[in-house]
Amino acid sequence: MTSFFFFFFFFFFFFLLLLSTGGRAKDTISSVHQHELSADFYAKTCPQVDNIVGAVTSQRHKTLPASGPAIIRLFFHDCFVQGCDGSILLEAGAEGKGERQMFENRNLGTEGFDTVNLAKAAVEKICPGLVSCADVLAIAARDFVHLAGGPYYAVKKGRKDSKYSASLASLPTIVRANLPRANSTITELIALFAAKGLTTTDLVALSGAHTIGFSHCDQFVSRLYSGSTIEAPAMEPRLLQALRLQCPRTGGNADVVVPLDVVTPFEFDNEYYEGIGKGLGVLATDQALGLDKRTEPIVREMATDKGKFFAAFEAGMERLGGIRVKKGKKGEIRRDCGRHLT
C-alpha cells in the first residue's frame with residue numbers, strides 16, 4: 001500500500017499544479033435475472049448483521065481507504081459474471097482456478113478480499129452459518145459508498161453463495177464475455193448491461209462509482225499515445241501530460257494507479273460527471289459516456305444534480321444486487337468465503 005499512496009499522491013498533486021497554470025434511449029428493465037430479496041431477511045436470525053459488518057467497514061475506511069473502491073469493484077465483478085453469489089471470493093482449490101484467478105480480475109485489490117474476510121469472520125462469531133458471503137459483500141459495498149459521502153440505502157438480502165462446480169473449463173470465456181472492457185463501445189456496454197436486466201441509466205449511474213475508483217495504467221495507456229478517436233475521445237491536455245509522466249508508452253511501474261475522478265478522488269460525489277464534461281475522463285469508456293447521444297443527457301443531468309445521481313445509483317445498486325441470485329438448494333452459506341463447504 002505504500003507504493004499505492006506514493007504514486008497516487010505524486011500524480012494527484014502534479015495534476016493540480018498543471019490545473020493551476022493554465023436524445024436519450026428509452027430504458028427497459030428485464031426481470032429475467034432478478035430475484036426477490038428482502039431488507040429484513042435476517043431480522044430473526046441475525047438482526048445485527050448490518051452493524052457487525054459496519055464496525056469492520058468503518059475501521060477499514062479509516063485505516064485503509066483503498067478498501068472502499070476495492071469492495072465496490074469486487075461487488076460489481078461478482079454480480080456481472082455468474083450472479084451475486086460470492087463466487088469471485090473463492091480461492092484456487094482442488095477444483096482448479098475460479099473467477100478470482102482469471103486474467104480480467106488480476107487487478108482486483110487485495111484490500112477488498114481482506115475486508116470481506118474480516119467482516120465475515122466478525123459475523124460468524126455472532127451468527128455462525130447464517131449469513132452468506134454474498135450478502136456480506138453487498139452490505140460492505142453499501143457501507144463504503146456511504147462512508148465516502150454517498151447515499152445510505154437499505155441492502156436487500158437473502159442471497160446464497162455459489163456451490164462447488166465440477167467443470168470450470170469454460171470459465172475464462174464466461175468471465176471475458178461478461179465484464180466491460182476499458183475499450184468497450186457504448187453500444188457494447190448498453191447491450192451488456194441490458195443482458196443483466198440493467199438500463200442505460202443504470203450504466204451511467206453505476207459508472208459513477210468511479211468517483212472513488214482507481215485504475216492501473218494498462219487500462220488506458222494506449223489512449224495516451226494513439227490520439228483521439230470516437231472510441232477514445234480527446235483528453236484534457238494537462239491531464240494527458242500528467243498521465244504520460246506516470247504511464248510511459250512502454251515499461252513503467254505496473255503498481256502505478258491513478259484516480260478516475262482527478263478532482264475529488266476520495267469523495268463519493270458527482271464530480272466524476274462534471275469531469276467528463278471537461279475532458280477529464282481517464283478511461284475511454286468514461287469519456288465516451290459524455291459524447292454518445294444515448295448517455296450524454298444522463299451524464300449532464302447527473303453532473304448538475306447530485307441528488308438525482310444518488311437516487312439513480314441506489315436504484316442501480318439494488319438491481320445489480322439482484323442478478324442471478326442463488327436461493328434455497330441452489331446455493332450454500334460458506335463459513336470461509338474463500339472455500340466451498342464441500
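This report describes the overall make-up of a predicted protein model and the packing around one of its helices, α8.

Residues are numbered from 1 along each chain as its sequence is written. Because the model is predicted, local features need pLDDT of at least 70 and side-chain atom pairs count only at pLDDT 80 or more, while totals for chains, interfaces and linings use all residues; side-chain values use heavy atoms, with hydrogens and water left out.

**Overall make-up**

The protein chain holds 14 helices and 4 strands. These elements are DSSP runs numbered from the N terminus (helices: H or I, at least four residues; strands: E, at least two). Of the 342 residues, 52% are buried, where buried means under 20% relative accessible area, exposed over 50% and partly exposed in between (1.4 Å probe, protein chains only). The accessible surface of the chain is about 15100 Å² (Shrake-Rupley method, 1.4 Å probe). Carbon and sulfur atoms account for 56% of that surface.

**Helix α8 and its partners**

Helix α8 spans residues 200–207. Its packing with α7 (residues 186–195) and with α13 (residues 296–304) is set out below. Axes are lines fitted to C-alpha atoms over the stretch in contact, and angles run from 0 to 180 degrees between N-to-C directions.

| Helix pair | Axis distance | Angle |
|---|---|---|
| α7 and α8 | 9 Å | about 105 degrees |
| α8 and α13 | within 10 Å | roughly 45 degrees |

The angle makes α7 roughly perpendicular to α8, and α8 is oblique to α13. Angles under 35 degrees count as roughly parallel, over 145 as roughly antiparallel, 65 to 115 as roughly perpendicular and the rest as oblique.

On the α7 side, Leu189, Ile190 and Phe193 meet Thr200, Asp202, Leu203 and Leu206 of α8; contact means heavy atoms within 4.5 Å. The residues of this contact are 5 nonpolar, 1 polar and 1 charged. Here Ala, Val, Leu, Ile, Met, Phe, Trp, Tyr, Cys and Pro count as nonpolar, Asp, Glu, Lys and Arg as charged, and the others, Gly among them, as polar.

On the α13 side, Thr200, Thr201, Val204 and Ala205 of α8 meet Ile298, Val299 and Met302. That contact has 5 nonpolar, 2 polar and no charged residues.

Within α13, Pro297, Ile298, Val299, Met302 and Ala303 are buried. The buried residues of α13 pack against α8, α11 (271–277), α12 (284–289) and α14 (306–320).

**A loop residue**

Val263 lies in the loop between β3 (257–259) and α11. Its relative accessibility is 32%, so Val263 counts as partly exposed. The C-alpha atom of Val263 is 9.2 Å from that of Thr211, 52 residues away along the chain.
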